[in-house]
Amino acid sequence: MAHPPVTIAVDAMGGDFAPDEIVKGVAEISLGQTHINTILVGDQARITAVLSHVKHNPERLSVHHAPQAVPMGAKPGEALKEFPEASIVIAAQLVRDGTAKALVSAGNTGASVLACARTWRLIPGVKRAALAAVYPTQTQRGSKEDPFSLLLDVGATVDASAQDLAAFAVMGASYARVISRNEIPKVALLSNGSEEKKGPARVVEAHELLRKVPGIEFVGNIEGVDLPKGVADVVVCDGFVGNVVLKMLEGISETAMSLARYAAKEKLLWRAGLAMLSSGFQRIKTLTDWEEYGGAPFLGFDRLFIKAHGRSKSRAIQNACKVAAKAAAADLPAQIGKMVQEFVPAGAEEVEVTKPLRVKK
Amino acid sequence: MSLVDRIDPPPARQLFRWDLDKTYLRTDFDTFRQLVKTALEKASEKVNVPGTAALMRELKREETRVLIVSGSPRQMRRVIEDKLRLDGVVWDELVLKDNLGNVLRGRFRAMRNQVGYKLPVLLESRLRYGLDVPETLFGDDAEADAFVYSLYADIVAGRVSRELLSEVMEAARLYPDERGRLLQFFDELTQAREKAGGLVGIEPVRRIFIHLDKLTPPTRFSAYGPRLVPIYNYFQSALVLMADGQLNSLSVIKVALEMVQGYGYNLISLSNSFQDLIRRGIPVSQVAGALAEALTTHNPVLAALLPAPDILAAFAGRVASLGAPPPAPTPVDVDYRALIDDARPRTDKKRRLSANED
């Protein structure tokens, strides 16, 4: 089936390897994905310099000049004040105006979130946006047999109320339905015990709310030990806890690889054993490779934002663009909006956006 | 064309020289299977590179000549002529390669060699039309068109010495008879130029278009100077020709229409192509105004076919979104000795190494 054409704004100046790797990723996308048009937002001269040396199809990409860029380590609020014409701001405006359907950035997370929050609107009924991340599990789910679960929030909202947690669950379930083609996703609350009365008051209250949400299969509370088992397709927590969990999962993956490298150096017998297992290790590496995931969706806004890792290279940017295109084609914000409307009672509270946690992902 | 014009045609005022495979026609002959398929295709099965038929039709006027020189075998003449007729293209010269003769004489090197075949053909043809007639050439990035066309342009302009030509022939491993033929035309051109008192103020080859069939990065061709414009599609060449004063806005719109109606191009891909030229410093910004004028004048056919306000907004938007336009590329003297690997066949090891270094 032919994919509908979709235009994505890419912040060319955001990320540790910007603009070179970002431009290269977009150049690759222009060669292979005929339905994706991209707008590279950033310093025109620098983007053109990179483009002129790489194979690309200019029919599927254009450049939108932005004279400023937000440094990776800058404080979000101050940075946006100092750089009002930063690439991330201009890119968010292009999405707001309908020139592009989604935004991809590997830049400063806090500044990106703030730029979106100041430019876009929250979906009616959603009080706070959430940053979601996928992580590999031992269970496969959905018609795509997706091995990934979705964890949210991983850093956008540090203090989430019970209502917020319930809204995160609804947004995560919508995402799983669209991206993983998982019609009725299993949703869980991350807590320090599986009992419904265990955990802080907001988690207990959220548990009560989630039991009444239609269109999802609420499996109750889960503990940290259940995360890699894939007990749930969507795991909900507040941004502080989510960020700690995400970093720990990344740390475990990196440590496992370091241990394997150490073992290979230490003994010939171990090296031989590792060589025999190399294809299996390669599969694990592919499964746990964050560059394959394509970035973390920022859910809750009426527009789409895929946040790629700050260390993203061209492959990660390509995958982030593919995820953005898929979510845009399915009109994910509208899907979330529809589900939230079913869940949130009429006359929901006024929206508000809190200062996001500064995270790498 | 009237009978009188056919018997005694008006003198050529502009030459448009085309390659066929990967320039005019979408041809794949990288594998033996593709080669056989190409050879057995009927005229109606051959597919154009989008926009080429419309562009060639628009370029053909009473005072212009459309000349075709292709590496396709002579045995394909009938099919190629049928294809051109199907496209409504009128041509003045069609030269094909004697591949069978090369095979029968065991000259296998000559089958892939572009310098030994195309350069003498170009020079010989040029002697027929005169040195002061401006010329535009169309080639592609698959073989050695950029090198051969540029060298040809500089030979006609008198900027290439006999010594340099000999070095190129040596590097391209030409057969002795090919060298003799090439040097003969070179000498004849030199004499003709001297007889005409030189070519003061005349640039015989105005523009060389290289169709980036393999999507080779355009900077790969920057050593050939701004005379050579790498193009991703023929809407881009139509825009440059319009900026050069060779095409009017209506002709450009016809090329664009063919690409939209027949090949799936849309407003985004065309306006992106337009912006790509501007990003590369090719001065086409001013043609946007002329195109806008053509679109907004009361032409009922255009009005029915094209959403003029959308087109104007898309093109103006692409220009505005770039901020300050980049500077135009500066003219350079082409250093053929440094580029000599480009003269070798595409499969040559030295050429592959040179391309990888880029």
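In which loop of chain A is Asp153(A) found? In this predicted model, Asp153(A) is placed in the loop between strand S6 (146–152) and helix H6 (162–179) of chain A. The peptide bond that joins Leu152(A) and Asp153(A) is cis, with omega about 5°. A cis peptide bond also joins Ala18(A) and Pro19(A), where omega is about -5°. Pro19(A) lies in the loop between strand S1 (6–11) and helix H1 (20–32) of chain A. Most peptide bonds are trans.

Backbone phi values were examined as well. Most residues other than glycine have a negative phi. Asp331(A) has a positive phi, near 50°. This residue is located in the loop between helix H12 (314–329) and helix H13 (332–343) of chain A. Asp331(A) counts as partly exposed because 14 other C-beta atoms lie within 10 Å. In chain B, phi of Lys22(B) is positive too, near 70°. Lys22(B) belongs to the loop between strand S1 (14–18) and helix H2 (32–40) of chain B. With 21 other C-beta atoms within 10 Å, Lys22(B) is classed as buried, since the cut-off for that class is 20 or more.

The contact between the chains takes 19 residues from chain A and 18 residues from chain B. On the chain B side, helix H13 (residues 267–279) supplies the largest share, seven residues. By class, the side of chain B that touches chain A consists of eight polar, seven nonpolar and three charged residues.

Pro58(A) touches Tyr232(B), Asn272(B), Ser273(B) and Asp276(B), residues up to four places away in sequence not being counted. Pro58(A) itself lies in the loop between helix H2 (44–51) and strand S3 (61–65) of chain A. It is buried because 25 C-beta neighbours fall inside 10 Å. Pro58(A) and Arg202(A) are separated by 144 residues in sequence, and the distance between their C-alpha atoms is 51 Å.

Chain B is divided into domain 1 (12–224) and domain 2 (249–320). The centres of domain 1 and domain 2 of chain B, taken over C-alpha atoms, are 29 Å apart. Contact between these domains of chain B involves seven residues of domain 1 and nine residues of domain 2. The domain 1 side of this contact in chain B comprises five nonpolar residues, one polar residue and one charged residue.

Note on methods
Residues are numbered from 1 along each chain as its sequence is written. Chains are lettered from A and ligands numbered from 1 in the order in which they are written. This is a predicted model: local features need pLDDT of at least 70, side-chain atom pairs count only at pLDDT 80 or more; totals for chains, interfaces and linings use all residues. Helices (H or I, at least four residues) and strands (E, at least two) are DSSP runs, numbered from the N terminus. A residue is buried if 20 or more other C-beta atoms lie within 10 Å of its own, exposed if 12 or fewer, and partly exposed in between; C-beta atoms are placed from the backbone. Two residues are in contact if their C-beta atoms, placed from the backbone, lie within 7 Å. Ala, Val, Leu, Ile, Met, Phe, Trp, Tyr, Cys and Pro count as nonpolar, Asp, Glu, Lys and Arg as charged, and the others, Gly among them, as polar. Domain bounds come from an automatic or database domain assignment.
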